Amino acid sequence: MTEAIESLSFEAALRELEETGAGLEAGDLTREASLALFERGQLLAAHCNLTLDRATLRVQQLTADGEIVDRDPQA
């Protein structure tokens, strides 16, 4: 949990974010520990959002007209 957030993959950051939420929900932490965990969770969420935004932009750039194309998975 002490790894720099910027170096985490999306999957690792999301997994840690889920663990962070579970830790906060358990309610057995001190106020300071809860606050520190909450703050790291905020940073993890921002990292995940940024990663998704970058992926969306990349998809948009790959399409000819700049729009996201929905693909039918059954086609």
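Student: How many salt bridges does the structure hold?
Tutor: Keep in mind that this is a predicted model. A salt bridge needs a side-chain nitrogen of Lys or Arg within 4 Å of a carboxyl oxygen of Asp or Glu. The count for this structure is one.

Student: Which residue forms a salt bridge with Glu-16?
Tutor: The closest N and O atoms of the pair are 2.5 Å apart. The link joins distant parts of the chain, 24 residues apart: Glu-16 sits in helix α1 (residues 10-26), its partner in helix α2. That partner is Arg-40.

Student: Is Glu-16 buried or exposed?
Tutor: Buried means under 20% relative accessible area. Glu-16 has 10%, so the residue is buried.
Student: And Arg-40, buried or exposed?
Tutor: Apply the cut-off of 20% again. Arg-40 has a relative accessible area of 15%, so Arg-40 is buried.

Student: What covers the buried residues of α2?
Tutor: The buried residues are Leu-37, Arg-40, Gly-41, Leu-44, His-47 and Cys-48. What covers them includes α1.

Student: Which residues does His-47 touch, leaving out those up to four places away in sequence?
Tutor: His-47 lies in helix α2 (residues 31-62). At 14% relative accessibility, His-47 counts as buried. The residues touched are Ile-5, Glu-6, Leu-8, Ser-9 and Ala-13.

Terms used
Residues numbered from 1 in each chain as written. Predicted model: local features only at pLDDT ≥ 70, side-chain atom pairs only at ≥ 80, totals over all residues. Heavy atoms only, no water. Helix = DSSP H or I, 4+ residues; strand = E, 2+ residues; numbered from the N terminus. Buried < 20%, exposed > 50% of the residue type's maximum accessible area, 1.4 Å probe, protein only. Contact = heavy atoms within 4.5 Å.
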